[in-house]
Number of protein chains: 2
Amino acid sequence: MRFQLDRLHAFIVDVLVHLDVLPDHADVTAARLLEADLKGRTGHGIIRVPQYVTRIEAGGINLRPSIEKTRSTPVSCLIDGDNGLGQVVMTIATKAAIEKAKESGMSWVGTVRSNHAGAAGVYTNMAMKQDLIAIYMAVASANVMPPWGGRERLLGTNPISIGIPAGNEPGFLLDIATTVTSHGTIKVVAQRGESMPEGWVIDLEGNPITDPHKANDGFLMPIGGYKGAGLNMAIGLLAGVLNEAAFGTDVIDHRAVPDQPANTGQAIFVIRPDLFRDLDEFKTVIDRQLGDMRGAGRPGDVHIPGDGAARLEEEQRRDGISIPEMLLGQLRDLAGRFDLDDRLSV
Amino acid sequence: MRFQLDRLHAFIVDVLVHLDVLPDHADVTAARLLEADLKGRTGHGIIRVPQYVTRIEAGGINLRPSIEKTRSTPVSCLIDGDNGLGQVVMTIATKAAIEKAKESGMSWVGTVRSNHAGAAGVYTNMAMKQDLIAIYMAVASANVMPPWGGRERLLGTNPISIGIPAGNEPGFLLDIATTVTSHGTIKVVAQRGESMPEGWVIDLEGNPITDPHKANDGFLMPIGGYKGAGLNMAIGLLAGVLNEAAFGTDVIDHRAVPDQPANTGQAIFVIRPDLFRDLDEFKTVIDRQLGDMRGAGRPGDVHIPGDGAARLEEEQRRDGISIPEMLLGQLRDLAGRFDLDDRLSV
């Protein structure tokens, strides 16, 4: 069933405020979650609300965080999230990074004591909309695979997003987990009642697991074998260890231990294209290059990161965001518990 | 057969100087090539000398380049390589990036009108040795695969390297092509008379090619399907388009067209860890984290980027660099042509 963006936004805000989240924190969280849905990153969209509710009710999130900017330089700072909601912490971090990059040419802002912040591309997109290039990295909120050759889960799906502004084009927006799949995607597959393809998850003996409900019994696979495993580890060191955030054995599964602070770490790097060439010229050439790429196959065949998301966003802003039946049931249960039944009724 | 580092260095310098390369450019080029060999990146080591000789003799390299630092800010500059040797241009770029990062906290230096600069990890390693974190990206010197879903070769092996300093450990040093393999690696396989595994190269119909001599008839495969293809494209846009260097249809195959300037683009980003936490503490925690990773499997089983390279470098600095028979034949042919026979005799 489809719901208009505003209606879902109001629903999320109402649920969070009902749980004593500050109204502006609820508003930012709802905005970031639904931006993920709009761009088709459904695994990091409204589907996460029940899980956030569980963590908030278990006391795992600080609802009155004092989020502080520390170690500030003209090109950097560390945002201490004080265990506030991840979307709130990362939105503050991204705004700080954008501001510093505009002033100084580039910036790197890290977070510590943050939480799950949803879709990576949501933050790079904020910078891209202001004609800035951005790279985002995060330590994922649960360990799902061993380092390459090992047998103990010490690495998450550690995502990376790269946003590059274009002229008439929607812009290049890469948003990938460095594992073949992510728990967000597996959750979507499970809710659709489908099974996973081979190559996503293996068990301890290396055999494929295809039942999405058994994904936690196995290891996710990195992209590109040892290469992706190495990239994943680099992301963890840069977004986690550099910020004194959790990495490796220090990472807790934020769903399994909902009452514990996760000390999640993220990092965003922002750079002004006009350090290197005229901005309009740059954007024009990006348009041409992405056009050339599309021309390398039959119309619609070539996958350019961001193209699908842009089309989907336009469609969903017009026609509403599609909520699958099982998720709608969960959301309506929440609505019922919080006396918000009318929000998601037909 | 094994040769001591100094002897190979002198050989490369003599060959290049014989071709009228400036002595200091020859020295830097030899150093960067052999650093690749020392770390096991043999596809970007001395094996490239015959190809460089071909390009120099064809007039494809400017032997008296006026390499200029343009668009300089406290955090960035663009190095115009004036079609000089890639190792020389990238060494200047890396030194500039290190200097600016030390002053300003971080820096991004791009190159334009550069050439093939060899192993990515050689440059990040220069920064890592000075306790700096570095990320290097390059537009590879030939297009070997289409964008995901396309059928026209518009993307190279576009490598990325990430170097993160450690304390007692050798440091984390990722150095990967964003394709499953690279032409450097295929060249090594060919020279060993071996065949390629399936999954490296496919023909136009999607069937595997395993004869390394037929690799040019097919497409290399990206790591992780559309994810690696997207990352590859991002690297090309950031290391190429941002610098007005070649990307997509503008990339020439520097081996197939040895007399034409390649306008290769590279970029290196350098950042000081102490922007975020005390340097010694950071390095100590990196040591511990890498130790934890190694402990996730049986001794020697876990792949940590940089571990193998560090062991190999130590061994080869002591026992000499191993040169396979076929390559030795090619190098001795060069030596013969340039009256340098004694350099590689036993």
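Student: What is the volume of the largest cavity?
Tutor: In this predicted model, the largest cavity has a volume of about 140 Å³.

Student: And how many cavities of 30 Å³ or more are there in the whole structure?
Tutor: A search of the whole structure finds five of them.

Student: Which residues line the largest cavity?
Tutor: From chain A, the lining has A:Trp108, A:Ile135, A:Met137, A:Ile160, A:Ile162 and A:Phe269. From chain B, B:Trp108, B:Ile135, B:Met137, B:Ile160, B:Ile162 and B:Phe269 take part.

Student: Which elements give two or more residues to that lining?
Tutor: They are strand E5 (133–138) and strand E6 (159–164) of chain A, together with strand E5 (133–138) and strand E6 (159–164) of chain B.

Student: Changing topic: how many residues of chain A and chain B are in contact?
Tutor: On the side of chain A there are 73 residues, in contact with 73 residues of chain B.

Student: What area do the two chains bury between them?
Tutor: Interface size is often expressed as the accessible area lost when the parts come together. Here chain A and chain B bury about 5900 Å² between them, and 73% of this is on carbon and sulfur atoms.

Student: Which residues of chain A lose the most area to chain B?
Tutor: Those are A:Lys227, A:Leu242 and A:Phe276, which together make up 13% of what that side buries.

Student: How many salt bridges are there between the chains?
Tutor: The count between chain A and chain B is two. One of them joins the side chains of A:Asp250 and B:Arg288, at 3.3 Å from N to O.

Student: Which helix of chain A gives the most to the side that touches chain B?
Tutor: Helix H8 (residues 279–294) does, with nine residues. By class, the residues on that side of chain A are 42 nonpolar, 18 polar and 13 charged.

Student: How many salt bridges are there over all chains?
Tutor: The whole structure has 40. Among them is the pair A:Lys283 and A:Asp131, whose side chains meet at 3.0 Å, N to O.

How values were computed: Residues numbered from 1 in each chain as written. Chains lettered and ligands numbered in written order. Predicted model: local features only at pLDDT ≥ 70, side-chain atom pairs only at ≥ 80, totals over all residues. Heavy atoms only, no water. Contact = heavy atoms within 4.5 Å. Buried area = accessible area lost by both parts, 1.4 Å probe. Salt bridge = Lys/Arg side-chain N within 4 Å of Asp/Glu carboxyl O. Helix = DSSP H or I, 4+ residues; strand = E, 2+ residues; numbered from the N terminus. Nonpolar A, V, L, I, M, F, W, Y, C, P; charged D, E, K, R; others polar. 1 Å grid on protein atoms, 1.4 Å probe; cavity = no way out; pocket = protein on both sides within 12 Å on 5 of 7 lines; lining within 4 Å. Points joined across faces, edges and corners; volume = space filled by probe spheres on them.
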